[in-house]
Amino acid sequence: MSDVNNKVNAVLQKKICMLGAFSVGKSSLVTRYVESIFGDKYHTTVGVKISKKELTVEEQEVKLIIWDLAGQDDLTRLRTSYLRGTSGYILVCDGTRPFSLKVALNMHKEAREYSGDISFVLIINKFDLQSSTDWELDQEQLSALEASGIEVLYTSAKTGDGVDEVFQKLTKKMLQEHNVLENT
Amino acid sequence: MSKILYGLYDMMNIAAFRLNQDDQFELITLSPTWLKHFTPVGTNKGSIVHLDGIFPFLDCFVAEAFEVWEAQTETPHRSGPWVDFTPEGEEFPLEATAVCIDGECVLVIQDLGEEYYTEASRLQTFRDQALEKERLEIAITEQTQQIRRREEEIAMTLLAASGHRDHETAEHVRRIGLYAEALAKELGWDLEKAADLRIAAAMHDIGKIGIPDSILLKPGKLTQEEFEIMKGHPAIGADMLNKTRIPLLNMAAQVSLCHHERWDGTGYPKGLKGEEIPIEARITTIVDVYDALVHKRVYKKASSEQAALKLMAQMVGKHFDPALFQLFVKNLPKMQRIRQAYSEPTRRTTISA
């Protein structure tokens, strides 16, 4: 069996981090992904919540260690040392709160400074509210981000739309980055 | 380490580990109940525990802990809280502390229990309030934008009314506003103030509404007496616009009053000089002259841009603020894009200034 096949057969463990402002739905996304459930009530995260989930990407089994970091606000700043050893991160913002995009982009900058050029995706959560008057994100700004090479995905932890795809996509990116999968 | 300390560890429901010579963690306390959910059956005092496999969080923290141990500092270094889940899904809020005791490297893990939930509850209250504040700010911003749109509509209606009597086209006034806004942004003004200038600059000639048709629409040269009447339009405009408390219209009043003032003090109506002339008016003066020169009027042909700029360069220091003129020249490509997008009389396309 070739080296490549050996790599593909072994279960890989990858650490990823959820980053974003408070109350954008990071924990809800993780709960939706790991346990397939959603609770409407907001429960703030203190410190870090660690969950695990196994998935398969193009026949490669991966065990994700998901670090759900407390949302950033005036009292809680990103402890960049939590990013140690992470293979990728998900930047989460809330489509009804323009400020959360600003926070996510600032955290992206901090993460870049600490971890370098690793895989990430930017997600706009609460997409189930997209057609309501509460939806506030500036589409032009998002288009500009996409044009700059940032992959923007839309999710709803409430309905589950787009959630699995985000983790699949990030995992695929990480595997490609580490040459486990061919770049496509 | 003293027996008292071990006793204390046992009482506090914490797990303490000593880093042995093989860089393995040896449990030096009794195994607290919560630890039993994570470790193999039979783990107890003296057992070697592979912490990194059990608590992924410690992968990260142990690297920090080694710094503490290598520095032999006795000041405890705390990891901050983390929540881990047992294989059965039960959650435990934990915190690790690295400390050097009597030269030994010790890692203490504590079940935070209620302390964690109390802190979470405190933070939850703070964040609920912060969310409410954010919602209110969004609502206020939306209402402010709505008011602003209405103000702009009023201003544009006034402008349209005055435009019916003048030969200036809607495109001309729109261009003046856009040129001025572009320069204001280059000066680092905040976007709202720059947007105010877009409207205010466009209204610079609104006072012409008070000039008799016989003078305003006269095809030939004005007599001295007629010119004196014409010179009243800045003050008429300012008087019209000054009667409100709307910042946009107050800025427009300033622009109207001072757009015929000159840098060297030879302008009218007040003969203001240099920076005595409000910057909004100084900007408007430059872009108004530029646009008038490069476009055709009933009484003159359009100048080429090169000719216009040559003429304008001769007016620097007399008519124009030198620094602003320099900025204008530097941003000529932006001005050209505005000219193209709002050319006369073809259909316009959308651009960003």
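This is a predicted model: local features need pLDDT of at least 70, side-chain atom pairs count only at pLDDT 80 or more; totals for chains, interfaces and linings use all residues.

Q: What is the radius of gyration of chain B, and what does the globule rule give for 353 residues?

A: The radius of gyration of chain B is 37 Å, whereas the globule rule gives 20 Å for 353 residues, so chain B is more spread out than a compact globule. Along the principal axes, its C-alpha atoms fill a box of roughly 110 × 40 × 40 Å.

Q: Into which domains is chain B divided?

A: Chain B has domain 1 (3-113) and domain 2 (160-341). The centres of domain 1 and domain 2 of chain B, taken over C-alpha atoms, are separated by 74 Å.

Q: How are two packed helices described?

A: One states the angle between their axes and the distance between the axes. In chain B, consider helix α6 (residues 170-186) and helix α12 (residues 279-294): their axes come within 9 Å and cross at roughly 135 degrees. That angle makes α6(B) oblique to α12(B). The crossing in which α6(B) passes α12(B) is right-handed.

Q: Which residues make the contact between α6(B) and α12(B)?

A: From α6(B) come B:H172, B:R175, B:I176, B:Y179, B:A180 and B:L183. Facing them in the contact, α12(B) supplies B:I283, B:T284, B:V287, B:D288, B:Y290 and B:D291.

Q: How many residues of this contact of α6(B) with α12(B) are nonpolar, polar and charged?

A: Seven are nonpolar, two are polar and three are charged.

Technical notes
Residues are numbered from 1 along each chain as its sequence is written. Chains are lettered from A and ligands numbered from 1 in the order in which they are written. Side-chain values use heavy atoms; hydrogens and water are left out. Axes are lines fitted to C-alpha atoms, for helices over the stretch in contact, and angles run from 0 to 180 degrees between N-to-C directions. Helices (H or I, at least four residues) and strands (E, at least two) are DSSP runs, numbered from the N terminus. Angles under 35 degrees count as roughly parallel, over 145 as roughly antiparallel, 65 to 115 as roughly perpendicular and the rest as oblique. A crossing is left-handed if the near helix is turned anticlockwise from the far one by less than a right angle, and right-handed if clockwise. Contact means heavy atoms within 4.5 Å. Ala, Val, Leu, Ile, Met, Phe, Trp, Tyr, Cys and Pro count as nonpolar, Asp, Glu, Lys and Arg as charged, and the others, Gly among them, as polar. Domain bounds come from an automatic or database domain assignment. The radius of gyration is taken over C-alpha atoms; the globule rule is 2.2 Å times the number of residues to the power 0.38.
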